[in-house]
Amino acid sequence: MKKNIITILMSAMAFIGAVILPQQVSAQEDDKVWSVGPELGINLAKYGDDGSDSKFKTGILGGGFLTYSIRNTHAFTGKVLFSQKGAQDDDGDVKQTLNYIEVPVIVRLFFNRDGAFRPNLFAGPSFGFLTGVRNKIGDGDYEKLDDYGDFYNTFDFGVTAGLGFNYECSPGTRILIDARYTHGLTDISKASNTSTINQAIGITAGISFGI
């Protein structure tokens, strides 16, 4: 499963590179556009592999991004996000939240070169840094796990892909909506007899300011 996902991602990135690199060579006289802004939304997260019987739980997803675009056909976006992942059991009686600083680095391909409304596809790697773990049982409060580094790997590598919507509400300012799926490729647990990965559907809205 993981090898198939990596193969698909590498093929997609090779295709994107084949489209982008020739245009970069001929784009020396074109303006290079940077944009920056905040975004906020939710994660619907659960576990995969040995944790595949878990159920989705909702978490916060938000932070900021920086985008570099060329020739209005493609763009590179880096994000720094606070991302709550984790899962819950069937009845929702046991919930676990894993807090990450997540850094996705994606390539966007726009459907159209210009216009107020510019949908796009994007894909790329995602780097997660675990900052905390909280558990909740029944109606009790969430309890912080102080020694989470003894039980969980603090680095989570994955791939992310999705669909973006981009609408220009005023010159240089755009409203953005991203919907993406992130699939973890590294075991989040240090337990030797299990393999558990993160899976998350993220939906965010943001505003982009040209600089």
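**Note on salt bridges and core**

1. A network of salt bridges joins E39, K79, R108 and D178. The model is a predicted one, and it holds seven salt bridges in total.

2. Since R108 belongs to strand 4 and D178 to strand 8, the pair ties together parts of the chain that are 70 residues apart in sequence. R108 is buried, at 8% relative accessible area, and D178 is buried as well, at 7%.

3. Another salt bridge pairs R180 with E102, whose closest N and O atoms are 3.6 Å apart. R180 lies in strand 8 (residues 173-184) and E102 in strand 4, so that 78 residues separate these distant parts of the chain. R180 has a relative accessible area of 7% and counts as buried because the limit is under 20%. E102 is buried too, at 2%.

4. R174 and E168 also meet through their side chains in a salt bridge, at 3.7 Å from N to O. Here R174 is buried, with 17% relative accessibility, whereas E168 is partly exposed, with 31%.

5. The largest nonpolar core has 10 residues: Y47, A87, L98, Y100, L130, V133, L145, Y148, Y152 and I188. Strand 4 (94-110) and strand 5 (120-137) each contribute at least two residues to this core. In soluble globular proteins, nonpolar side chains tend to be buried together.

6. Which residues does I188 contact, apart from its neighbours within four places in sequence? Among them are Y47, L98, Y100 and Y152, and also F151, N153 and D156.

Methods
Residues numbered from 1 in each chain as written. Predicted model: local features only at pLDDT ≥ 70, side-chain atom pairs only at ≥ 80, totals over all residues. Heavy atoms only, no water. Core = buried A, V, L, I, M, F, W, Y, C linked by side-chain atoms within 4.5 Å. Buried < 20%, exposed > 50% of the residue type's maximum accessible area, 1.4 Å probe, protein only. Helix = DSSP H or I, 4+ residues; strand = E, 2+ residues; numbered from the N terminus. Contact = heavy atoms within 4.5 Å. Salt bridge = Lys/Arg side-chain N within 4 Å of Asp/Glu carboxyl O.
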